[in-house]
Amino acid sequence: MKHLILWLLSAAVCFYACSSDSVLTQEEEAQALSELWAELQVIATSEACTGDDNVAFTAIGSKACGGPAGYLAYSLSINVEEFLARVEAYTNMERA
């Protein structure tokens with residue numbers, strides 16, 4: 001029974017993801033990436049880095065040949081968990 005429920009759930013997710021309504025054009029994808037990038041830059045620079053112990057770096061983006069497209073510095077005074085989740089979303093969007 002558990003396997004049947006998991007299979008049905010997987011099939012429903014696949015069907016929804018493959019529907020034509022959820023497909024973005026290349027321009028829409030580029031616009032969404034651009035907006036998310038701008039948002040990440042605003043968040044990363046919203047708090048001043050007061051010293052080496054208050055700054056961190058994270059890999060961001062995805063190069064076609066593999067690896068990150070770059071690195072982004074951010075203050076540890078921001079909501080780091082939320083910020084890193086958005087960075088991961090950006091990287092996944094760029095990879096796709």
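Glu39 is partly exposed, with a relative accessible area of 32%, where partly exposed covers the range between buried (under 20% relative accessible area) and exposed (over 50%), computed with a 1.4 Å probe on protein chains only. Glu39 forms a salt bridge with Arg86, and the closest N and O atoms of the pair are 1.7 Å apart; a salt bridge here is a side-chain nitrogen of Lys or Arg within 4 Å of a carboxyl oxygen of Asp or Glu. This is a predicted model, in which local features need pLDDT of at least 70 and side-chain atom pairs count only at pLDDT 80 or more, whereas totals for chains, interfaces and linings use all residues. Residues are numbered from 1 along each chain as its sequence is written, and side-chain values use heavy atoms, with hydrogens and water left out.

**Overall layout**

- The protein has three helices and two strands, and from the N terminus on its elements run α-α-β-β-α; helices (H or I, at least four residues) and strands (E, at least two) are DSSP runs, numbered from the N terminus.
- Of the 96 residues of the protein, 21% count as buried.
- Among contacts between residues at least 6 apart in sequence, 52% join residues at least 24 apart, a contact being heavy atoms within 4.5 Å.

**The salt-bridge network**

- The count comes to two salt bridges by this rule, and one of them is the pair of Glu39 and Arg86.
- Because Glu39 lies in helix 2 and Arg86 in helix 3, the pair ties together parts that are 47 residues apart in sequence.
- Arg86, which is partly exposed with a relative accessible area of 27%, also forms a salt bridge with Glu82, the closest N and O atoms being 2.9 Å apart.
- Arg86 and Glu82 are four residues apart in helix 3, so about one helical turn separates them, and Glu82 is itself partly exposed, with a relative accessible area of 38%.
- Through salt bridges that share partners, Glu39, Glu82 and Arg86 are joined into one network.

- Helix 3 (residues 80-95) has 16 residues and reaches 22 Å from its first C-alpha to its last, close to the 22 Å expected at 1.5 Å a residue, where the expected span is 1.5 Å times one less than the number of residues.
- The buried residues of helix 3 are Phe83, Val87, Tyr90 and Thr91.
- Seen down the axis of helix 3, its buried residues fall within an arc of 95°, so they line one face of the helix; the arc is that of the directions from the helix axis to the C-beta atoms.
- An α-helix has 3.6 residues a turn, so residues three or four places apart point the same way.
- Glu81 and Glu88 are exposed on the other side of helix 3, while the cover over its buried residues includes helix 2 (26-44), strand 1 and strand 2 (70-75).

**The strand pair and Thr58**

- Strand 1 and strand 2 run antiparallel and are joined by six bridges, two strands being paired if DSSP finds at least two bridges between them.
- The covered face of strand 1 holds Ala56, Thr58 and Ile60, and its uncovered face holds Val55, Phe57 and Ala59.
- Thr58, in strand 1 (residues 55-60), counts as buried because its relative accessibility is 14%, and its bridge partner in strand 2 is Leu72.
- Not counting residues up to four places away in sequence, Thr58 touches Gly70, Tyr71, Leu72, Tyr74, Phe83, Leu84 and Val87.

- Leu40 has its place in helix 2 and counts as buried, because its relative accessibility is 0%.
- Leu40 and Arg86 are 46 residues apart in sequence but 7.4 Å apart in space, C-alpha to C-alpha.
- Residues up to four places away in sequence aside, Leu40 touches Ile60, Leu72, Phe83, Arg86, Val87 and Tyr90.
- The largest nonpolar core has 12 residues, including Leu33, Leu40, Ile60, Leu72, Phe83, Val87 and Tyr90; such a core is a set of buried Ala, Val, Leu, Ile, Met, Phe, Trp, Tyr and Cys residues joined through side-chain atoms within 4.5 Å.
- Helix 2, strand 1, strand 2 and helix 3 each supply at least two residues of this core, and the largest share, four residues, comes from helix 2.
- Leu33 is in contact with Tyr90, Met93 and Glu94, leaving aside its neighbours within four places in sequence.
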